[in-house]
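Hi there,

Here is the structure I promised to pass on to you.

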Amino acid sequence: MPNSISKYKFIRLDFNHKLKPFDCGDNEAGIDLTDFFINQSKDYLKQLLAVTYILETKNETIAYYSVMNDRIERTKKINKSIPNKKRYAAYPAVKIGRFGVDKDHQRENIGTQLFDYIKYSFTNNIKTGCRFITIDAYNEPNVLKFYEKNGFFYTDPEDELEETRSMYFDLMDYVLS
Amino acid sequence: MALPIKDTPILKGKNAEKFWKRAAESEAGLHKISVQEKMRIIENAAEIEKIAEFNK
């Protein structure tokens, strides 16, 4: 069900922007996402590592995500059954390094709306090639379920026991539909 | 201190083969999303573009 997202502002973080209060919840992922936003998002910007986009009101942060360039690559050996022209050594990607919705606004479909915007924005009027969206997702059932629902697959089954899991969405599935 | 953003792993072996096979299938149109989902993406993106204060 569409929410009234039109009442919010959607901005790109700059150094002069005053961050509004944000609380992503009391679980491990929530605490970490809050900490990243409050204490590290400007550092990542300063170091030219990630740019953060923020959905907010005058008084609070509703949601945010941080994006950075990425690639999905493989070691050189690969099965020759895959056609030559498809065997690139690497694909360009954009990584959603962090993505959080304030605890008071979770379950309002805001996360899916933002991901839809990300999918659209990296396939329309783009300035560089980008085949995949990758994410570094907290290894928590509700988090992984959200990304699975939004069309993401696991990049590497071997990170099953780590704190975060690498996942990807193939933008080709959107472009060709 | 928040966890650092982890690098995307370099794929190897069967995992790499599985990934590249799916990528080739996608290029052949075998994993297209539904028309309804595509419409939802376009509509949601349009709503957010209206409130975006950059690129103006």
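Below are the conventions, followed by what I found.

This is a predicted model, so local features need pLDDT of at least 70 and side-chain atom pairs count only at pLDDT 80 or more, while totals for chains, interfaces and linings use all residues. Residues are numbered from 1 along each chain as its sequence is written, chains are lettered from A and ligands numbered from 1 in the order in which they are written, and side-chain values use heavy atoms, with hydrogens and water left out.

**The sheet in chain A**

Chain A holds an open sheet of 7 strands in the order 1-2-3-4-5-7-6, with mixed pairing. Strands here are DSSP runs of E with at least two residues, helices are runs of H or I with at least four, and both are numbered from the N terminus; two strands pair if DSSP finds at least two bridges between them. At the edges sit strand 1 (9–12) and strand 6 (153–154) of chain A, each pairing on one side only.

Strand 1 of chain A runs antiparallel to strand 2 (residues 51–56) of chain A, and 4 bridges join them. Across this pairing, A:Lys9 stands opposite A:Glu56.

Of its 7 residues, 7 are buried, so strand 5 of chain A is largely enclosed by the rest of the structure. (Buried means under 20% relative accessible area, exposed means over 50%, and partly exposed is in between, using a 1.4 Å probe and protein chains only.) In a regular strand the side chains alternate between the two faces of the sheet. In strand 5 of chain A, A:Phe132, A:Thr134, A:Asp136 and A:Tyr138 point one way, and A:Ile133, A:Ile135 and A:Ala137 point the other way.

Strand 5 of chain A also has two partners to look at:

- Strand 4 of chain A runs parallel to strand 5 of chain A, with 4 bridges between them; A:Ile96 has A:Ile135 as its bridge partner.
- Strand 7 of chain A pairs with strand 5 of chain A in the antiparallel sense over 7 bridges, and A:Arg165 in strand 7 stands opposite A:Ala137.

Helix 3 (residues 141–149) of chain A lies across strands 4, 5, 6 and 7 of chain A and runs at about 165 degrees to strand 5. For that angle, axes are lines fitted to C-alpha atoms, for helices over the stretch in contact, and angles run from 0 to 180 degrees between N-to-C directions.

**Salt bridges**

Over all chains the count comes to 13 salt bridges, each being a side-chain nitrogen of Lys or Arg within 4 Å of a carboxyl oxygen of Asp or Glu. A:Lys9, A:Lys20 and A:Glu56 are linked in a network of them. A:Lys9 and A:Glu56 meet at 4.0 Å, N to O; this pair joins strand 1 to strand 2 of chain A, so parts 47 residues apart in sequence are tied together. A:Lys9 is partly exposed at 33% relative accessibility, whereas A:Glu56 is buried at 1%. A:Glu56 also forms a salt bridge with A:Lys20, with the closest N and O atoms 3.3 Å apart, and A:Lys20 is buried as well.

**The interface**

How many residues of chain B are in contact with chain A? There are 43, and they touch 64 residues of chain A, with contact meaning heavy atoms within 4.5 Å. The two chains bury about 4900 Å² between them, 61% of it on carbon and sulfur atoms; buried area is the accessible area (1.4 Å probe) that two parts lose on being put together, summed over both. B:Ile5, B:Lys6 and B:Trp20 supply 16% of the area that chain B buries against chain A, more than any other three residues. The count between the chains is 4 salt bridges; one pair that meets this way is A:Arg131 and B:Glu27, at 2.6 Å from N to O.

A:Arg107 has a positive phi of about 65 degrees although it is not a glycine, and A:Arg107 is exposed at 86% relative accessibility. A:Asn109 has a positive phi of about 70 degrees, and is not a glycine either.

Best wishes
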